[in-house]
Amino acid sequence: VAEIMGGEGRTTQVLIRRGFKAGMNFDCVVGCDVMRKEDEEALYRYLDRYKPKVLVMAPQCTGMAGWGSLNAVINPEAHQRSVRISHHLGNICARCAKMQIDGGRHYFLEQPKGSDLFNLLNFQILLTRSTWCFMHMCMVGLKSTRGKLLKKPSGLWASHECLLWRFRCCICDSQHEHDKIEGGESKPSQFWTWYFVRLLADGIS
């Protein structure tokens, strides 16, 4: 199992404890920046050579998120830069997903609801070869720094239903209070909870 933009690589950590062999985590946290051409090419070579059974991806979505139009008005130059980065990362993930599917292997990808990532042509091409679902992160325990649950509607794409079905029931039951994702809460909302990671690890297992 390998990860792209997996942060601290929680999925890999859980799977190692279950006896899986760890693959690479292509993330700035470990010194790998796929925005650099040499690191991007190293990623493709890695997938071609080592052929991980499952590739887990969580690309940066700042330039594709639903609030992008507001950012475009407030700071158009920064917004355009963010869009370029997000589109480039999105196309990298699409290419990697295609490599996995073409090789008879699998991928899993998470994005906030409303992300334009899945509207990219390279992802639309994968539409008939993938499955997807919608869920709320509050149902897997995502919390703000104030300890309140964050709803964060999210979309999940994968190459096989086994990777997704455990998340299909994670729709908010409105039995709890939500905090708002704004300001300093934006960063914490980007991390996957251990509960989320365990559900994904169950699917991979």
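1. In this predicted model, strand 1 (residues 2–4) lies beside strand 3, and the two pair in the parallel sense over three bridges.

2. Which way do the residues of strand 3 point? Val-54 and Val-56 point one way, while Leu-55 and Met-57 point the other way. In a regular strand, side chains alternate between the two faces of the sheet. Val-54, Val-56, Leu-55 and Met-57 are all buried.

3. Strand 4 and strand 7 pair in the antiparallel sense, over five bridges. Gln-111 stands opposite Gly-155 in strand 7.

4. These pairings belong to an open sheet of six strands, in the order 2-1-3-4-7-5 and with mixed pairing. Strand 2 (25–26) and strand 5 are the edge strands, and each of them pairs on one side only.

5. The next point is the packing of nonpolar residues. The largest nonpolar core has 27 residues, and those that touch the most other members are Ile-4, Val-34, Leu-43, Met-57, Cys-96, Leu-109 and Phe-123. Two or more residues come from each of strand 1, helix 2 (37–50), strand 3, helix 4 (76–102) and strand 4. Helix 4 gives the most to this core, with seven residues.

6. There is also a second, separate core of 25 residues, which includes Cys-133, Met-135, Leu-156 and Leu-163.

7. What is Leu-109 in contact with, leaving aside its neighbours within four places in sequence? The list is Met-57, Pro-59, Cys-93, Leu-117, Phe-118, Phe-123, Gly-155, Leu-156 and Trp-157. Among these, Met-57 and Phe-123 are, like Leu-109, in the group that touches the most other members of the largest core. Leu-156, by contrast, is listed in the second core.

8. Helix 6 (residues 194–204) has the buried residues Phe-196, Val-197, Leu-199, Leu-200, Ala-201, Gly-203 and Ile-204. What covers them? The cover includes helix 1 (10–17), strand 3 (54–57), strand 4 (106–112), strand 5 (131–136) and strand 7 (153–158).

Note on methods:
Residues numbered from 1 in each chain as written. Predicted model: local features only at pLDDT ≥ 70, side-chain atom pairs only at ≥ 80, totals over all residues. Heavy atoms only, no water. Buried < 20%, exposed > 50% of the residue type's maximum accessible area, 1.4 Å probe, protein only. Helix = DSSP H or I, 4+ residues; strand = E, 2+ residues; numbered from the N terminus. Contact = heavy atoms within 4.5 Å. Pairing = 2+ DSSP bridges. Core = buried A, V, L, I, M, F, W, Y, C linked by side-chain atoms within 4.5 Å.
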